[in-house]
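Biologist: I would like to learn how to read a few features of this model. Please take them one at a time.

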Amino acid sequence: KLDLAAKLARKLGADVKEEVVHAVDKVDLRVRKGEVVGLVGESGCGKSTLGRIVAGILPQSDGEVFWKGQEVGTLTGEAARQSKLQRQMIFQDPYASLNPRMRVADIVGEAPLVHGLTRRSEFDTYVDDQMRRAGLDPAFKRRYPHQFSGGQRQRIGIARALAVQPEFIVCDEAVAALDVSIQAQILNLFMRLRRELDLTYLFISHDLSVVEHLSDRVVIMYLGRVVEEAPTETIFRRANHPYTRSLLDSVPRIENRKRAFTVVKGEIPSPLNPPTGCHFHPRCPLAFDRCKAEAPALREVAPGHRSACHLNDAA
Ligand code: SF4
Ligand code: MG
């Protein structure tokens, strides 16, 4: 069953110096119920914009987002409210999204109370359950966010998201700011919650090695377009697209994971003025004449495996 489908003809993103960035361009993303999809690309590729659109916190200017078969723009009243609650987002920096003046109990319990998922009389038990589920000791619920470590703050963000009983969670670089050992704990928590709560995830990361063990399927983006999409094992064993292959070559080893992420040779071109044809051509070691002139279509190269590269036409 298809849980989420986003067909974005063109998303007009944030204004940058009064110019308009085409943050996401002709993207077709589908996530099935219970599936974990990894969305990978370098910063500025549009993955966060896409994540915000499908989580319902950023409107798309063009295109459609379907949730459980219904176009979310057509929903009103209770149906619109439900569809928003069912899609939650977890961010890289939980501290920035946690109100520093609120106690953890209120951070976690406020939305469920407002939306009638719990009552005043059951509030404490409800909050305790959410905190335990996210691996936090309810004894600390009277504390403020600054009294917790980075990993614990991310758990507060997770408890808050879970508290409204979502079905689909978009994690945007949810472990990127954490130490490697803490990253592993939080990734394990996400996997456990998936099993226990039957969750569906869109897991956004610049780091292929982060999505490897978590994702069933991986979608690779480059400058606003999907360039490759396949089951995770296929991406790691038989990647088709030259960009994906160069990302794989640069997957950092555990010991230098904290180093700045250096990928493919050459600068990432500005999304304000993307290269003609295949956006990747200035950095692609295999580029040929046609790449500069014509954008390759995303095409099936094997069942369930799609790639956008002119080299696939030669065969
Ligand atoms: Fe490289 Fe051309 Fe394929 Fe783009 S279309 S990835 S430039 S070979
Ligand atoms: Mg981002």
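**Burial, backbone and ligand shell**

Modeller: Buried residues make up 40% of the 315 residues in the protein. A residue is buried if 20 or more other C-beta atoms lie within 10 Å of its own, exposed if 12 or fewer, and partly exposed in between, with C-beta atoms placed from the backbone. This is a predicted model, in which local features need pLDDT of at least 70 and side-chain atom pairs count only at pLDDT 80 or more, while totals for chains, interfaces and linings use all residues. Residues are numbered from 1 along each chain as its sequence is written, and chains are lettered from A and ligands numbered from 1 in the order in which they are written.

Biologist: How many helices and strands does the protein have?

Modeller: There are 12 helices and 12 strands. Both are DSSP runs numbered from the N terminus: helices are H or I with at least four residues, strands are E with at least two.

Biologist: Is Asp 198 exposed or buried?

Modeller: Asp 198 is exposed, because 10 other C-beta atoms lie within 10 Å. Its phi is also positive, about 60°, and its place is the loop between helix 7 (180–197) and strand 8 (200–205).

Biologist: Which residues come nearest to ligand 1?

Modeller: Cys 278, Cys 284, Ala 287, Cys 291 and Cys 309, of the 13 around ligand 1. A residue counts as near if its C-beta atom, placed from the backbone, lies within 6 Å.
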